[in-house]
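Work through the exercises below with the model open. Try each task before you read its solution.

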Amino acid sequence: KLPIEDLCSLPSQSLPIAQTSVVPESTEDILLKGFTSLEMEEERIETAQQFFSWFAKLQTQMDQDEGTKYRQMRDYLSGFQEQCDAILNDVNSALQHLESLQKQYLFVSNKTGTLHEACEQLLKEQSELVDLAENIQQKLSYFNELETINTKLNSPTLSVNSEGFIPMLAKLDDCITYISSHPNFKDYPVYLLKFKQCLSKALHLMKTYTVNTLQNLTNQLLKRDPSSVPNADNAFTLFYVKFRAAAPKVRTLIEQIEQRSEKIPEYQQLLTDIHQCYLDQRELLLGPSITCTVTELTSQNNRDHCALIRSGCAFMVHVCQDEHQLYNEFFTKPTSKLDELLEKLCVSLYDVFRPLIIHVIHLETLSELCGILKNEVLEDHVQNNAEQLGAFAAGVKQMLEDVQERLVYRTHIYIQTDITGYKPAPGDLAYPDKLVMMEQIAQSLKDEQKKLSPSEASFSDVRLEEAEPPNSLTKSGSSESLNPRQQTTISPADLHGMWYPTVRRTLVCLSKLYRWDVSLLFHQRAVFQGLSQEALSACIQSLLGASESISKNKTQIDGQLFLIKHLLILREQIAPFHTEFTIKEISLDLKKTRDAAFKILNPMTVPRFFRLNSNNALIEFLLEGTPEIREHYLDSKKDVDRHLKSACEQFIQQQTRLFIEPLEEFLTKVSALKTMASQGGPKYTLSQQPWAQPAKVSDLVASAYKTIKAKLPLTLRSMSLYLSNKDTEFILFKPVRNNIQQVFQKFHVLLKEEFSPEDVQIIACPSMEQV
């Protein structure tokens, strides 16, 4: 079967059929033509049989004529079918050939693939064999180096400074590292031992060279002629110059050792030995020189401990810095042994200074030594170069601790002897005479200064009282100033030299301790607080004793004002100390134990000793008789304020009694009389009482007013002499004035209530304005 496209492409052929037809004119013509077409024009149809025969032929002819075009198409298609069959046969033949070719191709392809795989396998095996050979050769190269290295090490011309020594050393290290990492190799112990022996020879060569170089340097410096070195400074310079000049000879070798020291223990041991040798040589050189220098400094500054500490510490700082710099010339990695050497060298300084420190008795010197060691040495030098001065810092800290301990001890002794145990001289208690004398001296100096011209006035003139302001106004016709207290005066008691000795010593002691305390750690400040509290307590007690002595020798007001003034000075001077003056004391309270003991000793509790319940007397004693631990805080600043408040209150009470004590006693009697009357006692008339008659009351009021007028200026004069501060005087005298005014006010009220107007005129009590 052909495709439809092929059928459509076939040329169409049709049977040759006559298209022209002529309409017959008659039946005869038609028949003639029919017979002609049937080739029967010569025959004649005479019978029916002939007709039927003719008709049959005619019908047959017609049938044939009708199927001719179909037969032609069949024949045409048959021709195509034959062509297609031929093509199909050719295609089948071609397919057979192609299949044969495919089989042959597959066969050839399989053979080629097998050949390629075989070639690749051979190439792979070849590569593996080559790699194996190279690997074996590489592994063998480490073993083969043994003979080469051993030959070089045994060569008499080998030097550690030669160009081939360092590469040989690197190769030897690589061989040892490789063999050590492959313990499964044959003859592993033998070759490792041989390589270790080679390494030992190389290390011995390096150690010998380095040690000999350092020892030769030391011997050259020790054997030098002392006369060739003019002084110790040049000797120290020579110590460093010689070593710095020799450093490049061994630095390269030491760098190789340091690079390998972290990986191979033998190199670490060699580096340790070289460190020790270097430090031994430095100690051999520096030890005697440092001792000699420190001794020389001590002889030069035997009496000036501060200068000695400064010069000695400065010397050791330079030594430590120079030693670190010289060490860095030889080595690149630090070692703790260098600090150990420097600490040992610093000990020589400490051993010389410590006996001097523990014999210092002056607080000023000890305080200054603390400041030098803490501020100048540790903070200024050590903190800025902590790495190089770490060893020196340890010695300085130990020295500082010794100075602090000595300062604490001497401060305690100073407090006991110069403050607590102070025995005042007569001049120390000569109050107010010494204040009056100083005031007179100041006035005379002021008068002399007024006589001098301004150009002749000296800047250093001593003045206790400043000049009056130019704008001070005076009343007309009177020399009295509008504000008599306007001028600012300085009390003689404010002068540092006029302070009571224990106050001056206490403040000096506290200033030294505070300067030391500022740089202390938190846990050490408890020492300062304890000493400060002790000093202030001792000072307060000495002031109380001096006040009593002045009160006995002079007047009570002098003793009171002396105490108030010095307590004010003490409070003012300790205010800038930004620290606590509080200490904690721990005590054991045995009150419960005592009560429990009394309770258990009671005969009524004896039967309860053997009870087997919670009511047992022994158990109660153990539970209830436990002593308590109590904490007490002592604050010296509060003690100063408390004693100052107490002194002011005593002064106010004493002055109030001095001025109006009779009036207060009279008012007390009247109050008692009123109380008795209010509680059912007899009625009274105050003016009829013997002690309350107008005349006696008048005498009483006149005496009190006279006392005020007479003694008040003396009191104000004393306050001005001691305090010389109008604000302080005003604050201190204000309660006294208020007390006087209140008593007179109560007295006026009493007079209005209990006395007649005539009696009030007889009594003649001063008005409130007069008071």
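This is a predicted model: local features need pLDDT of at least 70, side-chain atom pairs count only at pLDDT 80 or more; totals for chains, interfaces and linings use all residues.

Residues are numbered from 1 along each chain as its sequence is written, and side-chain values use heavy atoms, leaving out hydrogens and water.

**Exercise 1.** Describe how helix α3 packs with helix α5.

*Solution.* 
1. Find α3 at residues 48-153 and α5 at residues 188-222. Helices here are DSSP runs (H or I, at least four residues), numbered from the N terminus.
2. Their axes are 10 Å apart, at an angle of about 35 degrees. Axes are lines fitted to C-alpha atoms over the stretch in contact, and angles run from 0 to 180 degrees between N-to-C directions.
3. List the contact residues (heavy atoms within 4.5 Å). Among them are Tyr142 and Phe143 of α3, and Tyr191 and Lys194 of α5.
4. Sort them by class: ten nonpolar, one polar and two charged.

**Exercise 2.** Decide whether Lys638 is buried or exposed.

*Solution.* 
1. Locate Lys638 in helix α18, residues 636-678.
2. Apply the cut-offs: buried is under 20% relative accessible area, exposed over 50%, partly exposed in between (1.4 Å probe, protein chains only).
3. Lys638 has 58% relative accessibility, so it counts as exposed.
4. Now check Arg571: its C-alpha atom lies 9.6 Å from that of Lys638, although 67 residues separate them along the chain.

Key. Helices (H or I, at least four residues) and strands (E, at least two) are DSSP runs, numbered from the N terminus. Ala, Val, Leu, Ile, Met, Phe, Trp, Tyr, Cys and Pro count as nonpolar, Asp, Glu, Lys and Arg as charged, and the others, Gly among them, as polar.
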